[in-house]
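Open the model in your viewer and keep the selection tool at hand.

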Amino acid sequence: MKGFRQASNREPLIFELGGKGRTGIAIPEPEEEVKRRVGRVEIPSEMRRDREPGLPELSEVEVVRHFTNLSQAAFGVDNGPVPLGSCTMKYNPRIAWEIAGDPRITNLHPLQDERTVQGLLEMLFELQKWLANITGMDTCILHPAAGAHGELAGVLTIRRYHEVKGQIDRKTEIVIPDSAHGTNPASAAMAGFRVVEVPSAEDGNVDMEALKSIVGDSTAGLMITNPSTLGLFEEHITDIARLLHEHDALLYYDGANLNGIMGYARPGDMGFDIAHINIHKTFGAPHGGGGPGAGPVCIKDRVVDKEKGVRLSDLAPGYRVIYDEDTGLYRVKGPGEHSAGLLKAFLGNITPLIWGYVYILSMGPQGLRKATEHAVLITNYFMKLMENVKGYTIPYGKGRFRKHEVVLSAQPMAEEIGVTAEDVAKGLLDAGFYAPTIYFPLIVKEALMVEFTESETPENVEKYVERLKEISRIAYSNPSEPKTWPRNTSVGRVDVVKANHPKHVTPTWRIHVKRLRGEI
Ligand SMILES: *Cc1c(COP(=O)(O)O)cnc(C)c1O
């Protein structure tokens, strides 16, 4: 069957195009006046190249065609569904693009006098307030550049908490469920903690008996996402909060899955102390491709040291925007003496923050609730359609509804005929669909983690399901065929281990050109 985009053959590199002497621009002769005044400038010979730089020479139309073809070889949310579980690849509303691109914003400089950027500071101040409201927290910092960066800001805040209380010597451990995203243990380890894993129970919740045996005197905090990466709401969350607080440990919310509960439930009300938000997931800013993200951190303003007047938010790193009642001005406040310091320059990545601001403003509270409703509904519709499809199972939380995402397993197919989750993903790509996240979370064998978000239509979900069924039919009738996928994409199957190792990747054209010339 035919999906949303069929990749063409490999597009040539720009260095393989063009011809000697072709050009797309005519550099104008300098005006007589300039020529007369400047005269002929001799560049010192030691600064000149001894060979031509070997740049491609193309006419204007060749350049336009090349980049248009490249843009069409890509697949993104503007082409069709990108159901990458955990990534919340929702549509990026163009109105946010337009506003963030306004020259009155793009021409600002972070070192400008605060009085000249009041409009921008007001927007960011409001965003801090809205995010605090959405998460049920008291204050927010917008400083971190991504979710993982927010996690680091959060665990450093936990570290400062125990330092200020003089108990960091014994508070050495952070507890993390086995279903967590890899950035959680990485952040905890970077902040100097030992990571202790707690298993999930068959119903998808944290195994409470195991947790009780783990949490103790040395527990500094626990990091968890709710809904979990299985798309299941953690039903024991208030018990978990109580247990942690009884041991003077803090509860950290990984907000990557906020899209499953936004407008319905708030981490602050569940007992969380610190939460990050992925603006590029929940709030419609673009992500992927290495572009800048934003991972604001929202914090409960609980008292840490009464005598010194220290509150939890004083310990967080980064700048924040405050409103000065006396002058009526918005101001940027630097980290105070108890803070974990700075994680990057200035207030944060402004463009994604503005995308998030516009998303929230244009949706309104009811719109945000609706987004969650649609995201949850479409996930459960997909899950229902995938029940009892040969080759796939839906592990954990049997009989439970999902929130924003669902994790399938291709384990039966793998065990019965040797066709793996990776083969299924290639079969999707081959037909012009985007593959889901695979092999995550780690607790699900042959995992296919699917998240359509509120952007997707039921028709597109049905089409996706049809392809998953078709893959299963083909696989069971001819198990060797999936191993040949993908055949219709510009790049065939790569060695995923080598492709992830810098030693084997040649990202520069030089090597390619040398290969073309037969020099290597
Ligand atoms: C995406 C994600 C993160 C990390 O966020 P980034 O913005 O990619 O750094 C952390 N936890 C979960 C569950 C995620 O899905």
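Which polar backbone atom is 2.7 Å from an oxygen atom of the ligand? Select the ligand and Gly147: the backbone atom belongs to Gly147. Keep in mind throughout that this is a predicted model.

**Stop 1: the ligand**

A polar side-chain atom of His280 is 2.6 Å from a ligand oxygen atom. For Lys281, a polar side-chain atom is 2.8 Å from an oxygen atom of the ligand. On its own the ligand would expose 380 Å², and the protein buries 87% of that.

Two elements each give two or more residues to the shell around the ligand: α6 (147-164) and α11 (279-282). The largest share comes from α6, with three residues.

Now select the whole shell. The residues surrounding the ligand include Ser86, Glu151, His181, Thr183, Asp254 and Asn278. Sorted by class, the shell holds three nonpolar, six polar and three charged residues.

**Stop 2: a bent helix**

Select residues 350-386, which make up helix α13. How far does helix α13 span between its end C-alpha atoms? The span is only 40 Å, while a straight helix of 37 residues would span 54 Å at 1.5 Å a residue. Next, select Gly364, where α13 bends by about 100°. A proline, Pro365, follows within four residues. Then move past the end of the helix to Asn388: α13 is followed by this residue, whose phi is positive, near 60°.

**Stop 3: a hairpin**

Select strand β10 (residues 320-324) together with strand β11 (residues 329-333). The two pair in the antiparallel sense, over five bridges. To see one of the pairings, pick Arg320, whose bridge partner in β11 is Lys333. Between the strands of this hairpin there are four residues, and Gly328 has a positive phi near 70°. In general, strands of a sheet pair through backbone hydrogen bonds, either parallel or antiparallel.

**Stop 4: a three-stranded sheet**

Last, select β12, β14 and β13. Listed in that order, these three strands form an open sheet with antiparallel pairing. Its edge strands are β12 (406-409) and β13 (437-438), each of which pairs on one side only. Four bridges join β12 to β14 (residues 447-450). Which residue in β14 stands opposite Val407? Select Met449 to see the residue opposite Val407.

Notes
Residues are numbered from 1 along each chain as its sequence is written. This is a predicted model: local features need pLDDT of at least 70, side-chain atom pairs count only at pLDDT 80 or more; totals for chains, interfaces and linings use all residues. Side-chain values use heavy atoms; hydrogens and water are left out. A residue is near a molecule or strand if one of its heavy atoms lies within 4 Å of it. A polar contact is a pair of N or O atoms within 3.5 Å; within protein, one must be able to donate a hydrogen and the other to accept it, and residues adjacent in sequence count only if both atoms are side-chain atoms. Accessible areas come from the Shrake-Rupley method with a 1.4 Å probe; for residues, only the protein chains shown count as cover. Ala, Val, Leu, Ile, Met, Phe, Trp, Tyr, Cys and Pro count as nonpolar, Asp, Glu, Lys and Arg as charged, and the others, Gly among them, as polar. The expected span of a helix is 1.5 Å times one less than its number of residues. The bend at a residue is the angle between axes fitted to the seven residues ending there and the seven starting there. Two strands pair if DSSP finds at least two bridges between them.
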